[in-house]
Amino acid sequence: MLRKAHKLNLQNVISHFNRHNTMTRKIKTIGLFLFITAGQIVYGQTTNKEKALAKGQEAIKLMDNGKVDESIKLLEEAQELDPDRFDYPYELAYAHYLKEDYKGAIKILEKHIDHKDVTERLFQLLGNSYDVIGKTEKAFASYDAGLKKFPNSGIIYLEKGNVHWNKKEYGKALPYYEKGIEVDPQFPSNYYRATRIYCGSTEEVWGMIYGEIFMNLERNSKRTAEISKLLYNTYKSEIKFTSDTSMTVSFCQQMTMNVNSISDPKNIKLPFCMIFEPTLLMSIAFEKSIDINSLDKIRTTFIDNYFNNERDKTYPNVLFSYQKQVKEAGHIEAY
């Protein structure tokens, strides 16, 4: 059974991706006011708010340069001048987090959970602060509180998964990453984690799919290079040429049938593994080894075989549909 995330339009996902970057243990400052221009301060607002904004901007610069204590002082002054603004206490809590004063960060964040302008990042930082000091239950409670307000937050699902990831409980982490993919398909980090888990399992096929989607979402980063190498090595290890005329593929083992499909002979749907591997095997027929050139030919032939057999109608897959569009546009080799 294909996962819900694979029914998305990858073209739209990629074209709309310009938000959210990696947010694991190293939480990046939101710095919302850093990007707010002075022109957005409506004429007639108080001078105190203008002064607060200037102090807040300077505090972010100091924090980014490692001068956390100095930034805390300015943020406290900014908060006094403009106590209604959410950015200042959040950034203040983040500064305490950087100083490893996690209890101080928690104290500030707890006070602002019900702020009218609260963002998902507060719950992320709050949960992470609890997790760092070993209060796992409190961490999950914070994440869950965040999901009540922001049910489509991929970043909060990421952090829930990371609690288990950091304990090497990958089986428990994976459902959170996949849920994050489902609700927030533009956010790449859940794909990244899921790829690493699947490519180290018996079900590499999902790692290959998630990994390539990740690379389309997050271009030219260190993580992109890492996943590119992982996918290439997985192709090489799971496609074997046993002789001049025979070869094997091994990307999955999940052959469990859906009971409902079995009970209705007119609507039998085979496990995706039973579709993917035979189609891939047909696509390797004229190759003798795995390298960049042969992989290009294999992948191109795979798309032809997949759509010629109308697999896309019974087993729609967002990645394969995107690859087909790229091929039809004449760019598959470059891709």
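1. In this predicted model, there is one disulfide, and it joins cysteine 252 to cysteine 273 with an S to S distance of 2.1 Å. A disulfide is a covalent bond between the sulfur atoms of two cysteines. The link of cysteine 252 and cysteine 273 is right-handed, with 95 degrees about the S-S bond, and it connects distant parts of the chain, since cysteine 252 sits in the loop between strand S2 and helix H13 while cysteine 273 belongs to helix H14, 21 residues apart.

2. Turning to charged pairs, the structure holds 13 salt bridges. One of them brings together the side chains of aspartate 144 and lysine 160, at 2.5 Å from N to O; because aspartate 144 lies in helix H7 and lysine 160 in helix H8, the pair ties together parts that are 16 residues apart in sequence. Aspartate 144 is partly exposed, at 33% relative accessible area, whereas lysine 160 is buried at 7%.

3. Another salt bridge pairs aspartate 304 with lysine 327 at 3.3 Å from N to O, linking helix H15 to helix H17 across 23 residues. Aspartate 304 is partly exposed at 29%, and lysine 327 is partly exposed at 30%.

4. Finally, Lys55, Lys73 and Glu77 are connected in a network of salt bridges.

Key
Residues are numbered from 1 along each chain as its sequence is written. This is a predicted model: local features need pLDDT of at least 70, side-chain atom pairs count only at pLDDT 80 or more; totals for chains, interfaces and linings use all residues. Side-chain values use heavy atoms; hydrogens and water are left out. A disulfide is a pair of cysteine sulfur atoms within 2.5 Å. Helices (H or I, at least four residues) and strands (E, at least two) are DSSP runs, numbered from the N terminus. A salt bridge is a side-chain nitrogen of Lys or Arg within 4 Å of a carboxyl oxygen of Asp or Glu. Buried means under 20% relative accessible area, exposed over 50%, partly exposed in between (1.4 Å probe, protein chains only).
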